[in-house]
Amino acid sequence: MPRIAAILALALALGTMSALADDPKPPAPMPAPSWKNGQRITREYCVSCHNARTAPTFAKLAQNPKLTDAYLLKGLTDGIPVMHGNLKMPPTPLLQNEVRDVVAYIGALRD
Ligand code: HEC
């Protein structure tokens, strides 16, 4: 009865496939922003300039009312065209979730 076995195997395979199609795994949710990870990222990528000598510290930047979450999200994604002497704030090499973490960190520093 190899034919029946083959048909059964096929039915089983199709059953499994349709079960997969009917029940797709939901996409993994974006984790909530982590200010701690944002702090780690700024230590790695930003404080070489944002150290009060070359550019303002994040504690200082956080008190600037212009730097809202929306401004920071856009600016850190697209690059911030700020001039300071002959330095320009470079576009950041951050992934979108890292930008969210940095924005959460700056938010945590606001008064
Ligand atoms: C090569 C040096 C350098 C690095 C690295 C750097 N910045 Fe800057 N950043 C600057 C300078 C210069 C300014 C302008 C400061 C001023 O206006 O006095 C600035 C300004 C900013 C501002 C204020 C923008 C505004 O519109 O006023 C934010 C926010 C900022 N940086 C975030 C970051 C973050 C986050 C990182 C790391 C991912 C980073 N920077 C890395 C040099 C740098």
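Helices (H or I, at least four residues) and strands (E, at least two) are taken as DSSP runs, numbered from the N terminus. By this assignment, Trp 35 is found in helix H2. The structure is a predicted model, in which local features need pLDDT of at least 70 and side-chain atom pairs count only at pLDDT 80 or more, while totals for chains, interfaces and linings use all residues. Residues are numbered from 1 along each chain as its sequence is written.

The chain contains five helices and two strands. Read from the N terminus, the order of these elements is α-α-α-α-β-β-α. A residue is classed as buried if 20 or more other C-beta atoms lie within 10 Å of its own, as exposed if 12 or fewer do, and as partly exposed in between, with C-beta atoms placed from the backbone. Of the 111 residues of the chain, 12% count as buried. Two residues are in contact if their C-beta atoms, placed from the backbone, lie within 7 Å. Among the contacts in the chain with a separation of 6 or more, 70% are accounted for by residues 24 or more positions apart.

A nonpolar core is defined as a set of buried Ala, Val, Leu, Ile, Met, Phe, Trp, Tyr and Cys residues joined through C-beta atoms within 7 Å. The largest such core has eight residues, namely Phe 58, Leu 72, Leu 76, Val 99, Val 102, Val 103, Tyr 105 and Ile 106. Helix H4 (69-78) and helix H5 (96-109) each contribute at least two residues to this core, and the largest share, five residues, comes from H5. Leaving aside residues up to four places away in sequence, Phe 58 touches Thr 42, His 50, Ile 106 and Leu 109.

Helix packing was described with axes fitted as lines to C-alpha atoms, for helices over the stretch in contact, and with angles that run from 0 to 180 degrees between N-to-C directions. Angles under 35 degrees count as roughly parallel, over 145 as roughly antiparallel, 65 to 115 as roughly perpendicular and the rest as oblique. H4 and H5 pack at an angle of about 140°, their axes lying 10 Å apart; H4 and H5 are therefore oblique to each other. This contact is made by Asp 69, Leu 72, Leu 73, Leu 76 and Thr 77 of H4 together with Gln 96, Val 99, Val 102, Val 103, Ile 106 and Gly 107 of H5.

Helix H2 (residues 35-45) also packs with H5, at an angle of about 100° and with axes 7 Å apart. H2 and H5 are therefore roughly perpendicular to each other. On the H2 side the contact involves Trp 35, Asn 37, Gly 38, Gln 39, Ile 41 and Thr 42, and on the H5 side Glu 98, Asp 101, Val 102, Ala 104, Tyr 105 and Ala 108.

Trp 35 counts as partly exposed because 17 C-beta neighbours lie inside 10 Å. Not counting residues up to four places away in sequence, Trp 35 touches Asp 101, Ala 104, Tyr 105 and Ala 108. The C-alpha atoms of Trp 35 and Ala 104 are separated by 4.8 Å, although these residues are 69 residues apart along the chain.

Ala 52 lies in the loop between H2 and helix H3 (58-61). Although not a glycine, Ala 52 has a positive phi of about 80°. With 10 C-beta neighbours inside 10 Å, Ala 52 counts as exposed.
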